[in-house]
Amino acid sequence: MILMGSFLTIVLSIVAFVFILGIIIIIHELGHFIFAKRAGILCYEFSIGMGPVIYKRKKGETTFSIKAIPIGGSVSMAGEEISNEVVKIDSNIGLFLEGSKVSKLILDEKMEAPIRGKVTKIDLYGKEGNPLYIDIIDETGKECHYEVLRDAFYIFNEKQEFQIAPYDRSFESKTLLQRFLTIVAGPTMNLILAIFIYLIYWIGMGVPNYQSTVIGTVTDSYPASYYLEEGDKIISLNGTSITTWNEFSTKMTNLAYEGKTTAEIVVSRNDTNYTFEIKCATIINSCGLTDLNITVARNADLNVSGLQVGAVALNYASTPSDSEIVIQNGDIITRIYIDKSLSTSGSASFDNIIDIEEDVISWERLLSIFNDLDVANVYFDFYSQSEGKMIMYSESMTPIRTYGNELLSNQRIEKLIVMIGVSPTTHFSFTGVITNSFKSFWSDFTLIFRTLKLLIAPSGVRQVGVNNLSSIVGIFSMITQYVTLGFFPVLMFAGLISVNIGVMNLLPIPALDGGRIVFLLYELVTRKKINKKVENTINNVMFILLMVFFVYLTFNDILRIFK
């Protein structure tokens, strides 16, 4: 059954991954496509994915295709190429006529054509609005002049054809505003999609009723599940009257920073008040320690006084090798050592170790310690029950580097949390749905800028690097985690991805939409178009660099999966 469950999770993750990325890419490219068509730009191809084509169908002027690798997409528009010269002077060409005008130009010398000859003069661009034409010397030596239809085709071979793109159908012929709208429409559609996703999320989940103190849900395996029930109304917390859920949340947050992990809660149930003293679950986000989800039963025979830790976030330290010593789920902490010398720069200095004098025997003490701590290396004495022996502090021990206050604040993560596992009731509120949707959107929209701020922080205090970024493999790994939580968490994650793709594409980086917007701004200021060859060279070089960076991130993600 476990194997079947894992298999089902993988299948659902793959479906969710392809569907989410597919919709986001389609919406993005649809934005470009719609505004390109509105501007009268000839669109050769609308493609989803990269690599070999697995399906294609032509509708009107455009070929719609799906490619094998579900990453990215594109709308191929006339005028994006460096040169429009497909047919050159002195080339041998075949012609098909529709009436008196050329409808097909045959470039394959082996293909039959009713008219063949050598090109002497040609204009298939018509930049000044002139008719398109081609002059040839036919096989009899006669000089012939033919007007060319504006929707004629180049025929490269029996399977490949390409529509002629006159100047008035090209991207470069359009006004600055039309080109700007065509470029910006892609990422804008992603942002609009994200808002739509958030609206669905909050309509489906319901808006938390923060004006009430009635408990809507009690989470299994959390402390409240042993005492409280859905429908209980919270009356007071630690002797203080509670009238709204916001008050309750604020006071629970304050408990963590006061170094308290016990909550005395009075609730009303069936018109009777009950008082419960609840030991809260504790999470210390700055170092990744918690007493939640302990998977290793404590061995009473060890007779050790200390704290057993649960779901340790090992990513808070360097990825350990087999020879390194790190705290794991189920280990028992007995003592703590702190090195603050890394709060600015440099390597570990063991002369600066601060030995906390008393044994660490309570989560309250840990809360107090980490509340006063910013960036530091933290070492522990602890029992590893799998070894059945004490592992003492030594210089070979792998420290946990705490996440600093700035990083946690930047990412809007509470440094310290105590919780009992209850949530408020929800209700439908039109105003609440709109407000929460735009709050979610703004939080995710600004996330990338907050992350960029961390990436460019001075090296001595930087705690986030490119190794912390994720590729498509990392996104799939995260989707796998969200799938286990249900539909709405997956939906919220899809909104985050859509926002990120929209914002990333607006960054002023060549090869991205934002880079093309920069070229348009240059044109607006200088009243001169940037040389097409220069623009394409810059875009191509940056595209190669981005692909190399993408491969690097993918490699890191794969290493994380197998470690």
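Predicted model: local features only at pLDDT ≥ 70, side-chain atom pairs only at ≥ 80, totals over all residues.
Leaving aside residues up to four places away in sequence, Asp 444 touches Tyr 198, Leu 496 and Val 499.

Next comes a pair of helices. Two packed helices are described by the angle between their axes and the distance between the axes. Here, helix α2 (residues 176–205) and helix α9 (residues 513–526) have axes that come within 9 Å and cross at roughly 160°. Angles over 145 degrees count as roughly antiparallel, so α2 and α9 are roughly antiparallel to each other. Their crossing is left-handed. On the α2 side, the contact is made by Leu 176, Arg 179, Phe 180, Ile 183, Val 184 and Pro 187. Facing them from α9 are Asp 513, Arg 516, Ile 517, Leu 520, Glu 523 and Leu 524. Sorted by type, the residues of this contact come out as 8 nonpolar and 4 charged, with no polar ones.

What about the nonpolar interior? In soluble globular proteins, nonpolar side chains tend to be buried together. The largest nonpolar core in this model holds 42 residues. The members with the most contacts inside that core are Leu 228, Phe 248, Ile 265, Phe 370, Phe 380, Ile 420 and Val 422. Take Phe 370: not counting residues up to four places away in sequence, Phe 370 touches Ile 284, Ser 286, Cys 287, Ile 336, Val 378, Phe 380, Thr 402, Lys 415 and Leu 416.

Finally, a look at the backbone. Most residues other than glycine have a negative phi. Asn 238 has a positive phi of about 50°, although it is not a glycine. Asn 238 belongs to the loop between β11 (233–237) and β12 (240–241). With 32% relative accessibility, Asn 238 counts as partly exposed, because that value falls between the 20% limit for buried and the 50% limit for exposed. Asn 270 also has a positive phi, near 55°, and is likewise a residue other than glycine. The loop holding Asn 270 runs between β13 (262–269) and β14 (272–279). At 72% relative accessibility, Asn 270 counts as exposed, because the value is over 50%.

Methods. Residues numbered from 1 in each chain as written. Heavy atoms only, no water. Contact = heavy atoms within 4.5 Å. Axes fitted to C-alpha atoms, helices over the stretch in contact; angles between N-to-C directions. Helix = DSSP H or I, 4+ residues; strand = E, 2+ residues; numbered from the N terminus. Parallel < 35°, antiparallel > 145°, perpendicular 65-115°, else oblique. Left-handed = near helix turned anticlockwise from the far one by under 90°. Nonpolar A, V, L, I, M, F, W, Y, C, P; charged D, E, K, R; others polar. Core = buried A, V, L, I, M, F, W, Y, C linked by side-chain atoms within 4.5 Å. Buried < 20%, exposed > 50% of the residue type's maximum accessible area, 1.4 Å probe, protein only.
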